[in-house]
Amino acid sequence: MAASGKGLAAFHCRKHVEHKARHGSHWHGTYSAAELKPYLTAATSYVRLRAESDRFIKAALNAVALLLEEAGPTEIATRLRGMSANRRARIALARLRVAGIKPERLVAIVLAVTALIEEDPGSHRTKEFRMVQIAKALHRLASGTHKRWPFLDHQGRQRQTELHAFPRSSGPVLRLIGRAVEQPCEWVVERHLSAVLALKVKRYGRHPVLRTAGLE
């Protein structure tokens, strides 16, 4: 891309640069909801059990609750064009609040994504990839605008038209969302990641690659 005068990526082609913008890695894709599910289930139960008794988890929950509360108003997805990345990131967080997503869910997602990356031997272990994967998981909870309008057709029958618009899940917005949610959870990850991973392994076994390789 540098040679073509369209950017400063000296060692990667446009395809890989765009892949990194969307997934946080030049080569690793986004984890699916199914891949994340056992880690998220374990992390969710772990956080709920210690929400009041553990000072690190309690502090993270309070910080995330404040983050959502201070995110400001939401905006429909079709009006995001031209806004700064910071503004769009705040709107994405506000959308989680409006959707009723609890702070426990966000803290659990940070733990789950970190645990999956830690256990997966083929993962990309960089801070950027982790932040993007956290943001991607959050986007799946409440990322779009959905509206429905009833109307009568030419024969007088009741019909319904729908609008489903989704913001572009790529670029600096993902990094800002991931960083904003991960930062209050750093001590939780530091103190509890190994226990969450152990709980996941106890309930669901090791990562499929490790089982296939006979390393379980």
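I begin with helix 5 and helix 8 (residues 186–204), whose axes come within 9 Å and cross at roughly 70 degrees. Helices here are DSSP runs of H or I with at least four residues, strands are runs of E with at least two, and both are numbered from the N terminus. The axes are lines fitted to C-alpha atoms, for helices over the stretch in contact, and angles run from 0 to 180 degrees between N-to-C directions. The angle makes helix 5 roughly perpendicular to helix 8; that term covers 65 to 115 degrees, while under 35 is roughly parallel, over 145 roughly antiparallel, and the rest oblique.

Helix 5 contributes Val107, Val110, Leu111, Thr114, Ala115, Glu118 and Glu119 to this contact, and helix 8 contributes Val188, Val189, Leu193, Val196, Leu197, Lys200 and Val201. Contact means heavy atoms within 4.5 Å. By class, 10 residues are nonpolar, one is polar and three are charged.

A word on the source. This is a predicted model, in which local features need pLDDT of at least 70 and side-chain atom pairs count only at pLDDT 80 or more, whereas totals for chains, interfaces and linings use all residues. Residues are numbered from 1 along each chain as its sequence is written, and side-chain values use heavy atoms, with hydrogens and water left out.

I turn now to helix 2 and helix 5 (residues 103–119), whose axes come within 8 Å and cross at roughly 130 degrees. Helix 2 is therefore oblique to helix 5. From helix 2, the residues making the contact include Tyr39, Leu40, Ala43 and Thr44; from helix 5, they include Arg105, Ala108 and Ala112. This contact has 13 nonpolar, one polar and four charged residues.

Where does threonine 44 lie? Threonine 44 belongs to helix 2 (residues 33–50). Threonine 44 is buried, with a relative accessible area of 10%; buried means under 20%, exposed over 50%, and partly exposed in between, with a 1.4 Å probe and protein chains only. Not counting residues up to four places away in sequence, threonine 44 touches Arg105 and Ala108. Threonine 44 and alanine 112 are 68 residues apart in sequence, and 8.4 Å apart in space, C-alpha to C-alpha.

Finally, the whole chain. The protein chain has nine helices and two strands, running α-α-α-α-α-α-β-β-α-α-α from the N terminus on. Of its 216 residues, 43% count as buried.

How values were computed:
Nonpolar A, V, L, I, M, F, W, Y, C, P; charged D, E, K, R; others polar.
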